[in-house]
Amino acid sequence: MNLVIQIVNKIMAKRLNHRQFCALLEEVDSAYSDLLLHNKVRWLSRGEVLKRFAACLEHVKTFLESKDLTYPELGDPDWLEKLHFMVDMTSHLNTLNNSLQGKGGTALQMLEDVLAFEHKMTVFARDVQRGTLSHFPSLREFREENTHINCEYLQDAIIEMQTAFGKRFSEFREEKSTLSFPVTPLDIDPSQLNMSAFPGVSQPDLEIELADLADKDLWMSKFKSLTADLEDVARQKAVLAREHKWSDIENLPKPDKLVFETWNAIPNTYMNMKTYAFGVLSIFGSTYLCEQIFSSMNYIKSKYRSRLTDDSLQSCLKLKVTSYSPDIEKLCSDVQKQKSH
């Protein structure tokens with residue numbers, strides 16, 4: 001990655017080099033008109049930079065040769081093998097990252113996506129071991145030009161990554177029952193729930209409430225409807241993601257809102273269950289909202305609004321990131337209109 005960044009910077013840092021390289025890509029009718037600069041702040045940057053670099057690799061070599069710039073690694077099959085492997089793996093990681101972004105995702109949903117990716121890495125390792133490379137299109141294309149690749153080394157790299165995932169998310173895996181409670185409360189053994197984070201909830205009372213709720217068809221139907229609604233949203237999201245209709249995904253019902261509305265409909269006689277469910281729902285599954293707030297803050301408090309107070313900024317940020325839609329007409333009707341004197 002460091003060498004790729006170095007070469008990209010060498011081409012794009014000087015305007016003359018950049019113009020000449022773009023002209024070269026245009027002359028050869030390349031699918032891309034330019035390279036991409038790496039940005040550590042943007043979480044998809046690494047994969048996109050590698051993908052674009054690999055696609056323009058031959059043109060990059062031609063341009064560097066014309067400038068008498070020598071990089072032996074660009075002719076080294078071992079280095080190129082790792083480059084194409086990274087292109088494919090970062091593409092898979094970007095797919096995972098995309099699934100973790102956006103509003104309305106519960107911690108359970110994000111944990112399931114991560115655990116599913118761990119299982120996918122077993123498939124990736126087996127794919128490399130067999131040499132089929134069904135899930136590594138860039139590496140497969142490289143192998144067609146270079147008959148041999150070090151499958152054992154790449155398989156070990158995937159297994160090492162899988163081990164790192166397992167260690168990083170081991171604590172979350174142990175709390176899967178707790179995170180599942182708001183969606184499937186009756187399918188979980190209450191003794192497996194983590195009560196330490198919710199001191200206001202009585203476990204004996206929660207167990208009694210669960211036993212009482214189990215035979216109440218009226219309230220049980222709420223959770224059955226919730227499961228059906230969540231399945232429908234997940235199905236629509238998968239279809240829209242496959243078609244790259246990201247804006248339409250934003251308009252889908254938010255999973256956390258569906259879960260919240262279901263528990264809000266449950267009577268307060270099951271207060272321990274509701275308190276526990278709302279507590280679990282309040283857990284932030286990712287830093288997406290924090291990053292969105294920082295981006296919004298930079299936009300709202302610009303150099304043209306430098307006198308904006310902290311209180312006003314906080315109010316503007318709430319309006320920017322909230323999904324709450326106030327009933328303006330009702331609010332206005334409750335306010336006494338100004339009478340003429």
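Predicted model: local features only at pLDDT ≥ 70, side-chain atom pairs only at ≥ 80, totals over all residues.
## Salt bridges

The side chains of E243 and K245 meet in a salt bridge, at 3.2 Å from N to O. A salt bridge here is a side-chain nitrogen of Lys or Arg within 4 Å of a carboxyl oxygen of Asp or Glu. E243 counts as partly exposed, at 41% relative accessibility. K245 also counts as partly exposed, at 37%.

Residues are numbered from 1 along each chain as its sequence is written, and side-chain values use heavy atoms, with hydrogens and water left out.

## Two further pairs

A search of the whole structure finds seven salt bridges. One of them joins the side chains of E112 and K176, at 3.9 Å from N to O. E112 lies in helix α6 (residues 107-130) and K176 in helix α10 (residues 176-180), so the pair ties together parts that are 64 residues apart in sequence. Helices are DSSP runs (H or I, at least four residues), numbered from the N terminus. E112 is partly exposed, at 38% relative accessibility. K176 is partly exposed, at 30%.

K301 and D310 form another salt bridge. Their closest N and O atoms are 3.8 Å apart. K301 is partly exposed, with a relative accessible area of 31%. D310 is exposed, at 56%.

## How α1 meets α2

Two packed helices are described by the angle between their axes and the distance between the axes. Helix α1 covers residues 2-12, and helix α2 covers residues 15-27. They pack at an angle of about 100°, with their axes 6 Å apart. The axes are lines fitted to C-alpha atoms over the stretch in contact, and angles run from 0 to 180 degrees between N-to-C directions. α1 and α2 are therefore roughly perpendicular to each other, a term for angles of 65 to 115 degrees.

Which residues make the contact? From α1 come K10, I11 and M12. From α2 come N17, H18 and F21. Contact means heavy atoms within 4.5 Å. By class, the contact has three nonpolar, two polar and one charged residues. Ala, Val, Leu, Ile, Met, Phe, Trp, Tyr, Cys and Pro count as nonpolar; Asp, Glu, Lys and Arg count as charged; the others, Gly among them, count as polar.

Helix α11 spans residues 203-213. Its buried residues are L206, E209, L210 and L213. Seen down the axis of α11, these buried residues fall within an arc of 100°, so they line one face of the helix. The arc is that of the directions from the helix axis to the C-beta atoms.

What do the buried residues of α11 pack against? They pack against α12 (217-242) and α15 (271-281). On the other side of α11, P204, I208 and A211 are exposed.

## Positive phi in two loops

D29 has a positive phi of about 55°, although D29 is not a glycine. Where is D29 placed? D29 is in the loop between α2 and α3 (45-55). At 67% relative accessibility, D29 counts as exposed.

D68 has a positive phi too, near 60°, and is a residue other than glycine. D68 is found in the loop between α4 (57-66) and α5 (77-100). D68 counts as exposed, at 69% relative accessibility.

Conventions
Parallel < 35°, antiparallel > 145°, perpendicular 65-115°, else oblique. Buried < 20%, exposed > 50% of the residue type's maximum accessible area, 1.4 Å probe, protein only.
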